[in-house]
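This briefing goes through one protein chain, from its overall make-up to single residues. Keep the sequence and the 3D view open while reading.

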Amino acid sequence: MGLDSVKAGVQWAPTMSEIQVHNGSGSASSHKPAVAVVNSNFNKQAPETLPEYTVTLDGDKLQSIRWIGSEGNVLSSLDEGDYTVSGEGDKVTVKIAADFLKGKDAGNYGLQFEFASVAPRKVSLNVTDEAVEPSKPTTPAKPGANEQPKTEGVAKTGSSVPAVAAGTTMMSASVPLAE
């Protein structure tokens with residue numbers, strides 16, 4: 001069906017509904033931002049360890065971060081409370097908030113860092129929901145606990161002489177044998 005077949009005798013002129021400008025100069029960007037993975041794992045049962053990424057801006061500006069599904073599709077954009085940015089200048093650290101990740105199912109996901117002047121950078125993020133063995137407090141050793149027992153004057157195991165600890169008096173009795 002052509003545009004002129006919608007209503008006989010009327011010609012339709014297409015119009016633009018969206019214009020996107022990439023790097024306004026029309027030339028390749030001189031910015032080369034990068035995203036390095038520090039930690040891409042999050043365990044819902046150990047939320048103190050957050051996924052962390054080092055972003056080198058190289059004069060560019062981080063505009064947004066998007067949540068990528070396990071199939072590779074963009075599921076949503078992260079809001080300001082879903083991540084924190086720390087550091088100054090060209091190198092910043094981005095941490096994804098535990099509250100954002102707690103509601104996600106376990107699986108392999110991704111993040112898409114979007115910059116002002118270049119193509120986005122994608123990184124992985126793995127969400128798990130595994131029980132964590134609680135750490136056991138260590139008890140200080142008692143003085144001398146690692147010392148070996150003294151064996152001076154003690155019979156070796158397997159000998160016919162009874163084993164006696166040092167400093168112990170062994171008593172024996174003589175019984176005449178019947179003839």
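A residue counts as buried when its relative accessible area is under 20%, as exposed when it is over 50%, and as partly exposed in between. By that rule, 24% of the 179 residues of the chain are buried. The model is a predicted one.

**The chain as a whole**

- The chain has one helix and nine strands.
- In sequence order the elements read β-β-β-β-β-β-β-α-β-β.
- Among contacts with a separation of 6 or more, 55% are between residues 24 or more positions apart.

**The four-stranded sheet**

- Strands of a sheet pair through backbone hydrogen bonds, and the pairing can be parallel or antiparallel.
- Here, four strands make an open sheet in the order β1-β3-β7-β6, with antiparallel pairing.
- At the edges are β1 (34-39) and β6 (83-86), each of which pairs on one side only.
- On average, neighbouring strands of this sheet are turned by 25° against each other, direction ignored.

**Pairings within the sheet**

- Five bridges join β1 to strand β3 (residues 52-56), and the two strands are antiparallel.
- Val35 has Val55 of β3 standing opposite.
- β3 also pairs with β7, again in the antiparallel sense and over five bridges.
- The bridge partner of Thr56 in β7 is Lys91.
- β6 and β7 run antiparallel and are joined by four bridges.
- Opposite Tyr83 stands Ile96 of β7.
- β6 and β7 form a hairpin with four residues between the strands, where Gly87 takes a positive phi near 100°.

**The two faces of β7**

- Which residues of β7 are on the covered face, and which on the uncovered one?
- Val92, Val94 and Ile96 make up the covered face, while Lys91, Thr93 and Lys95 make up the uncovered one.
- Ile96, on the covered face, is the residue that stands opposite Tyr83.
- Lys91, on the uncovered face, is the bridge partner of Thr56.

**Salt bridges**

- Side chains of opposite charge can pair when their charged atoms come close.
- How many salt bridges does a search of the whole structure find?
- The search finds two.
- One of them joins Lys95 and Glu52, with the closest N and O atoms 3.8 Å apart.
- Lys95 is in strand β7 (residues 91-96) and Glu52 is in strand β3, so this pair ties together parts that are 43 residues apart in sequence.
- Lys95 has a relative accessibility of 35%, so it counts as partly exposed.
- Glu52 is partly exposed because its relative accessible area is 21%.
- Glu114 and Arg66 form a salt bridge through their side chains, at 2.8 Å from N to O.
- This pair links distant parts of the chain, with Glu114 in strand β8 and Arg66 in strand β4 (residues 62-68), 48 residues apart.
- Glu114 has a relative accessibility of 16% and therefore counts as buried.
- Arg66 has a relative accessible area of 29%, so it is partly exposed.

**Ser64 in β4**

- Ser64 is in strand β4.
- Is Ser64 buried or exposed?
- Ser64 is buried because its relative accessible area is 17%, and the limit for buried is under 20%.
- Apart from residues up to four places away in sequence, Ser64 touches Gln112, Phe113 and Glu114.
- Glu114, one of these, is also the salt-bridge partner of Arg66.

**Phe115 in β8**

- Phe115 belongs to strand β8 (residues 107-115).
- Its relative accessibility is 5%, so Phe115 counts as buried.
- What does Phe115 contact, leaving aside neighbours within four places in sequence?
- Phe115 is in contact with Pro33, Val35, Val55, Leu57, Asp60, Lys61, Leu62, Gln63 and Arg121.
- Phe115 and Leu57 are 58 residues apart in sequence, yet their C-alpha atoms are 8.5 Å apart in space.

How values were computed:
Residues numbered from 1 in each chain as written. Predicted model: local features only at pLDDT ≥ 70, side-chain atom pairs only at ≥ 80, totals over all residues. Heavy atoms only, no water. Buried < 20%, exposed > 50% of the residue type's maximum accessible area, 1.4 Å probe, protein only. Contact = heavy atoms within 4.5 Å. Pairing = 2+ DSSP bridges. Axes fitted to C-alpha atoms, helices over the stretch in contact; angles between N-to-C directions. Salt bridge = Lys/Arg side-chain N within 4 Å of Asp/Glu carboxyl O.
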